[in-house]
Amino acid sequence: MAEQPSDSSILSSIIRCVNFAAIKHKNQRRKDPEKTPYINHPIGVAHILIEGGVQDPAVIQAALLHDTVEDTDTTNDELKEVFGPKVAGIVAEVTDDKSLDKQERKKLQIVHAASSSPEAKLVKLADKLYNLRDLDRITPEGWSEERVEEYFSWAAKVVAGCRGTNAYIELELDKLFKKRNVTI
């Protein structure tokens, strides 16, 4: 029987992820008018997972790290070395290939959602919920209302491929979709 990690080692691994992500995202800001520090986003995604009852430390770690490969100089090999193959694998599943154009990346998120691991689906759902709550609260600088509506419609298609993963997060997403009259 495999030895279970202690609460203190789990807590330590989570704090290591927060610190790593904070360092990697230190100069980044969200696109909201307040220019919110970017690190608020991955912490918020992890918080949504906790609210949704997710207790798998690897999923929480992946949520904290989910944008490091896509948006910083971090490599998947670096994540594998520092946080292990499970966490790195989840992050890899939710990372867009920045060598592709934006429309292709968005299309691939829809296509890959249904075949993603349950762990990656959890991170994807929480990420979409965080972003949609943000968009519902305030329009990012340079975005039109039409662009916000397009994001909601696209996000609903990604979420559709992740359904059946976490009832709490899906219900919260559905509330936003209903409020915005987005077909689900």
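# Briefing: core, helices and pockets of a predicted model

Leu132 lies in helix H8, where helices (H or I, at least four residues) are DSSP runs numbered from the N terminus. At 0% relative accessibility, Leu132 counts as buried; buried means under 20% relative accessible area, exposed over 50%, and partly exposed in between (1.4 Å probe, protein chains only). This is a predicted model, in which local features need pLDDT of at least 70 and side-chain atom pairs count only at pLDDT 80 or more, while totals for chains, interfaces and linings use all residues. Residues are numbered from 1 along each chain as its sequence is written, and side-chain values use heavy atoms, with hydrogens and water left out.

**Nonpolar core**

- The largest nonpolar core has 49 residues, and Leu49, Leu65 and Leu132 have the most contacts inside it. Such a core is a set of buried Ala, Val, Leu, Ile, Met, Phe, Trp, Tyr and Cys residues joined through side-chain atoms within 4.5 Å.
- Two or more residues of this core come from each of helix H1 (7-24), H2, H3, helix H5 (76-83), helix H6 (85-94), H8, helix H9 (145-160) and H10.
- H8 gives the most to this core, with nine residues.
- In soluble globular proteins, nonpolar side chains tend to be buried together.
- Leaving aside neighbours within four places in sequence, Leu132 is in contact (heavy atoms within 4.5 Å) with Tyr151, Phe152, Ala155, Leu173, Leu176 and Phe177.
- Leu132 and Phe177 are 45 residues apart along the chain, and their C-alpha atoms are separated by 9.0 Å.
- Residues up to four places away not counted, Leu49 touches Val54, Val59, Ile60, Ala63, Leu122, Val123, Ala126 and Ile169.

**Helix H2**

- Helix H2 covers residues 40-51, 12 residues in total, and reaches 16 Å from its first C-alpha to its last, close to the 16 Å expected at 1.5 Å a residue. The expected span of a helix is 1.5 Å times one less than its number of residues.
- The buried residues of H2 are His41, Pro42, Gly44, Val45, Ala46, Ile48 and Leu49.
- Helix H3 (57-65), helix H8 (118-137) and helix H10 (167-179) are among the elements that cover these buried residues of H2.

**Helix H9**

- The end C-alpha atoms of H9 are 23 Å apart, which agrees with the 22 Å that its 16 residues should span at 1.5 Å a residue.
- Val148, Tyr151, Phe152, Trp154, Ala155, Ala156, Val158 and Val159 are the buried residues of H9.
- These buried residues of H9 pack against H7, H8 and H10.

**Pockets**

- A pocket is found on a 1 Å grid over the protein atoms alone, as an open set of points where a 1.4 Å probe fits, with protein on both sides within 12 Å along at least five of seven lines; lining residues have an atom within 4 Å of a point.
- The largest pocket holds about 920 Å³ of space, a volume being the space filled by probe spheres set on the points.
- Its lining has 32 residues, of which Arg30, Lys31, Asn131, Trp143 and Tyr151 lie nearest the centre of the pocket.
- Helix H4 (68-71), helix H7 (102-113), H8 and H9 each supply at least two residues of that lining, and H8 has the largest share, seven residues.
- By class, the lining of the largest pocket has nine nonpolar, five polar and 18 charged residues. Ala, Val, Leu, Ile, Met, Phe, Trp, Tyr, Cys and Pro count as nonpolar, Asp, Glu, Lys and Arg as charged, and the others, Gly among them, as polar.
- The second largest pocket holds about 210 Å³ of space.
- Lining the second largest pocket are 17 residues, of which Glu93, Asp96, Leu108, Gln109 and His112 lie nearest its centre.
- H6, H7 and H8 each supply at least two residues of the lining of the second largest pocket, and the largest share, five residues, comes from H7.
- The lining of the second largest pocket divides into seven nonpolar, four polar and six charged residues.

- Lys35 is in the loop between H1 and H2 and has a phi near 55 degrees, a positive value in a residue other than glycine.
- Lys35 is partly exposed, with a relative accessible area of 39%.
- Asn181, in the segment after H10, has a positive phi of about 55 degrees although it is not a glycine.
- Asn181 is exposed, with a relative accessible area of 72%.
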